[in-house]
Amino acid sequence: MYELLKEMIKPELFVLVPVLYFFGAALKRSQLADKHIPWVLGIVAMAMGLIYVLATESLSTWQEILLAIFSGITQGVLCAGASVYVNQIVKQAGKEE
């Protein structure tokens with residue numbers, strides 16, 4: 001799974017995975033219902049991925065702009081998914097069978 005994620009997520013955006021993990025842990029301790037945490041993480045991740053891609057790409061045509069938006073949102077979703085995956089690994093590792 002890790003190898004697949006490494007191929008799909010831009011290396012410079014991999015830093016979002018632990019950031020989102022810790023942000024999710026903070027949300028877990030807040031008043032926010034658990035069922036909303038993945039949605040909040042997804043929205044935050046998409047926004048951060050989009051900001052990064054828009055800030056680092058040279059955009060001159062509508063096609064480039066749309067591709068950058070798609071890329072940023074997709075990268076955010078992948079990072080949020082990886083963060084939730086890491087959270088589940090940590091949870092499952094702590095369980096006794």
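In this predicted model, helix α3 passes helix α4 in a right-handed crossing. Two packed helices are described by the angle between their axes and the distance between the axes. Here the axes of α3 and α4 come within 7 Å and cross at roughly 140°. That angle makes α3 oblique to α4, because angles over 145 degrees are required for a roughly antiparallel arrangement.

The contact between the two helices joins L41, G42, A45, M46, G49, L50, V53 and L54 of α3 to A68, I69, S71, G72, I73, G76, V77 and A80 of α4. By class, this contact of α3 with α4 comprises 11 nonpolar, five polar and no charged residues.

Leaving aside residues up to four places away in sequence, S71 touches K10 and V53. F70 and G49 lie 21 residues apart along the chain, and their C-alpha atoms are separated by 10.0 Å.

The largest nonpolar core has 14 residues, and those with the most contacts inside it are I9, L13, L16, L20, L41, C79 and A82. Helices α2 (16–28), α3 (37–56) and α4 each supply at least two residues of this core. L16, one of the residues with the most contacts in the core, touches A45, M48, G49 and C79, again not counting residues up to four places away in sequence.

Methods:
Residues are numbered from 1 along each chain as its sequence is written. This is a predicted model: local features need pLDDT of at least 70, side-chain atom pairs count only at pLDDT 80 or more; totals for chains, interfaces and linings use all residues. Side-chain values use heavy atoms; hydrogens and water are left out. Contact means heavy atoms within 4.5 Å. A nonpolar core is a set of buried Ala, Val, Leu, Ile, Met, Phe, Trp, Tyr and Cys residues joined through side-chain atoms within 4.5 Å. Buried means under 20% relative accessible area, exposed over 50%, partly exposed in between (1.4 Å probe, protein chains only). Helices (H or I, at least four residues) and strands (E, at least two) are DSSP runs, numbered from the N terminus. Axes are lines fitted to C-alpha atoms, for helices over the stretch in contact, and angles run from 0 to 180 degrees between N-to-C directions. Angles under 35 degrees count as roughly parallel, over 145 as roughly antiparallel, 65 to 115 as roughly perpendicular and the rest as oblique. A crossing is left-handed if the near helix is turned anticlockwise from the far one by less than a right angle, and right-handed if clockwise. Ala, Val, Leu, Ile, Met, Phe, Trp, Tyr, Cys and Pro count as nonpolar, Asp, Glu, Lys and Arg as charged, and the others, Gly among them, as polar.
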